[in-house]
Amino acid sequence: MRIQAFLQVVLMLLLSTAVQAESDVSGSSDPRQLPRFPLSWIVSYNTRVVPEYALATGPMRKIEGIIAPEQDKRIKGELTRITYRVPDIHTPDQVFNYYLDLLKSMQAKILFQCSSRQCGSSNQWANNYFEVAELYGLDRTQFFLSASAGNLQLALYTVKRGNRRVYIHLDLIEPLKQTAETLAADLQQQGFSWLSDAEQLEPLIDFMSSNPQQKILIASYNRSEGVATAELLELSYNASSEVKDLLVEAGIDAGRIDSIGVGPALPVIDREQASGVWIQLR
């Protein structure tokens with residue numbers, strides 16, 4: 001009996017050791033919005049600025065000889081790529097549902113999700129889309145989703161490899177901090193730029209001061225639900241006028257600035273946010 005009890009203790013210790021999380025790679029960290037799956041650990045981590053990221057909103061398909069997401073949403077910002085290894089006792093669907101519940105609690109908008117062979121080839125997701133070879137697993141075990149939560153855009157992929165290892169990968173894209181240089185680049189390349197924060201106008205003030213002959217239009221929209229159109233027009237006009245007043249207070253000639261509120265109309269580009277302010281060159 002004593003030998004049997006001893007063996008049971010040894011077995012429990014071995015099992016508990018087996019599921020302890022290993023150390024993360026140096027310099028890595030969890031995204032503040034999404035706590036990691038219990039006992040998982042980071043095996044790959046990097047960040048970089050991307051001028052154009054194709055956030056997949058459809059499965060992998062062969063289009064004109066090229067295998068790529070059937071549909072995507074093009075965005076720019078700072079990309080953080082995190083790959084976690086998950087203890088082998090867990091399955092990809094458990095991991096996927098864990099993150100799906102987190103996203104729902106954040107009131108995130110799910111843009112696309114798929115599972116198994118509906119997603120296409122795991123090889124393409126791993127090596128072409130995420131550029132992480134460890135994610136190449138069994139097609140029938142894969143799960144993918146793309147989502148937006150406020151200013152955060154993300155792609156999530158989980159899979160089991162043939163060696164039974166389970167991985168979860170996150171691509172997180174957040175807006176770049178606006179500077180006079182990024183504002184100028186947007187205005188020159190596309191003719192307009194969104195104000196990332198209508199109360200932090202230093203980049204715009206610097207741009208106007210560095211370009212003393214430049215005139216601009218400050219435009220605002222508001223399409224909040226349950227609000228009459230007349231009130232939306234007033235709210236959007238007030239928002240653009242407030243930005244103009246702040247620029248004038250900062251020493252910018254009022255004659256160089258026009259302002260307009262367009263209410264629920266949005267002539268520049270589609271956006272998920274209910275309201276916003278943008279700048280156009282005149």
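Contact here means heavy atoms within 4.5 Å. We're working on a predicted model, where local features need pLDDT of at least 70, side-chain atom pairs count only at pLDDT 80 or more, and totals for chains, interfaces and linings use all residues. Residues are numbered from 1 along each chain as its sequence is written, and side-chain values use heavy atoms, with hydrogens and water left out.

**Exercise 1.** Work out where Thr-57 sits and what it touches.

*Solution.* Start with the chain: Thr-57 is in the loop between β1 (41-56) and β2 (60-63); strands are DSSP runs of E, at least two residues, numbered from the N terminus. Next, burial: Thr-57 counts as buried because its relative accessibility is 18% (buried means under 20% relative accessible area, with a 1.4 Å probe and protein chains only). Then look around it: skipping residues up to four places away in sequence, Thr-57 touches Gln-71, Asp-72, Lys-73, Leu-111, Phe-112 and Ser-146. Finally, zoom in on Asp-72: its backbone nitrogen lies 3.4 Å from a polar atom of the Thr-57 side chain.

**Exercise 2.** Now do Ala-155: is it buried or exposed, and which residues does it contact?

*Solution.* With 0% relative accessibility, Ala-155 is buried. Leaving aside neighbours within four places in sequence, its contacts include Tyr-53, Leu-55, Phe-144 and His-169. Leu-145 is in contact with Ala-155 too; the C-alpha atoms of this pair, 10 residues apart along the chain, are separated by 5.8 Å.

Key. Helix = DSSP H or I, 4+ residues; strand = E, 2+ residues; numbered from the N terminus. Buried < 20%, exposed > 50% of the residue type's maximum accessible area, 1.4 Å probe, protein only. Polar contact = N/O pair within 3.5 Å; in protein donor to acceptor, adjacent residues only side chain to side chain.
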